[in-house]
Amino acid sequence: MNETELHLKGNWNVVKGKLKQAYGDLTDDDLTYVEGKDDELVGRIQNRLGTTAGDVRKLIQKYSR
């Protein structure tokens, strides 16, 4: 998988629910996914959680399984 690709199209609602359960500070606006705007999504989550983009991508991959 390319580092910049998240492959979320089919299961984003499930991933979004898991992220909201694990990180209560995340809002629906933070987790709004638009195809082709992966970096924007990662940036919003990164700002909210105060972590790195790499860590956010790892979280998303973890909850995508």
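Analyst: The protein has three helices and zero strands; helices (H or I, at least four residues) and strands (E, at least two) are DSSP runs, numbered from the N terminus. Starting at the N terminus, the order of the elements is α-α-α. This is a predicted model, in which local features need pLDDT of at least 70 and side-chain atom pairs count only at pLDDT 80 or more, while totals for chains, interfaces and linings use all residues. Residues are numbered from 1 along each chain as its sequence is written, and side-chain values use heavy atoms, with hydrogens and water left out.

Now to the part you asked about. The structure holds one aromatic pair. The ring centres of W12 and Y33 are 5.8 Å apart and the planes stand at 45°, so the pair is tilted. The pair joins distant parts of the chain, with W12 in helix α1 (residues 12–22) and Y33 in the loop between α1 and α2 (38–49), 21 residues apart. As for the term, rings of Phe, Tyr and Trp (its six-membered ring) pair if their centres lie within 6.5 Å; planes under 30 degrees apart count as stacked, over 60 as edge-to-face and the rest as tilted. A pair of aromatic rings is described by the distance of the centres and the angle of the planes.

W12 is buried, with a relative accessible area of 7%. Buried means under 20% relative accessible area, exposed over 50%, and partly exposed in between (1.4 Å probe, protein chains only).

The loop that holds Y33 also contains D30 and V34. D30 counts as buried at 8% relative accessibility, whereas V34 counts as partly exposed at 45%. Leaving aside neighbours within four places in sequence, D30 is in contact with D25, L41, R44, I45 and R48; contact means heavy atoms within 4.5 Å. For V34, the C-alpha atom is separated by 9.8 Å from that of L8, which is 26 residues apart from V34 along the chain.

Helix α3 (residues 53–64) includes Y63. With a relative accessibility of 16%, Y63 counts as buried. Its contacts, not counting residues up to four places away in sequence, are V15, K18, L19, A22 and Y23. Of these, L19 is 44 residues apart from Y63 in sequence and 7.2 Å apart in space, C-alpha to C-alpha.

L59 also has its place in helix α3 and counts as buried, at 14% relative accessibility. Again not counting residues up to four places away in sequence, L59 touches L19, Y23 and L49. The C-alpha atoms of L59 and V15 are separated by 9.7 Å, and the two residues are 44 residues apart along the chain.

R57 lies in helix α3 as well. R57 counts as buried at 8% relative accessibility.

Some totals complete the picture. Of the 65 residues in the protein, 26% are buried. Of the contacts with a separation of 6 or more, 44% are between residues 24 or more positions apart. A compact globule with 65 residues would have a radius of gyration near 11 Å, and the protein has 10 Å, which agrees. That radius is taken over C-alpha atoms, and the globule rule is 2.2 Å times the number of residues to the power 0.38. Taken along the principal axes, the C-alpha atoms fill a box of roughly 25 × 20 × 20 Å.

The protein exposes about 4200 Å², of which carbon and sulfur atoms supply 44%. Accessible areas come from the Shrake-Rupley method with a 1.4 Å probe; for residues, only the protein chains shown count as cover. The mean positions of the 11 positive and 11 negative charges are 5 Å apart. Lys and Arg count as positive and Asp and Glu as negative, while His and the chain ends are not counted. The place of a charge is taken as NZ of Lys, CZ of Arg, CG of Asp or CD of Glu.
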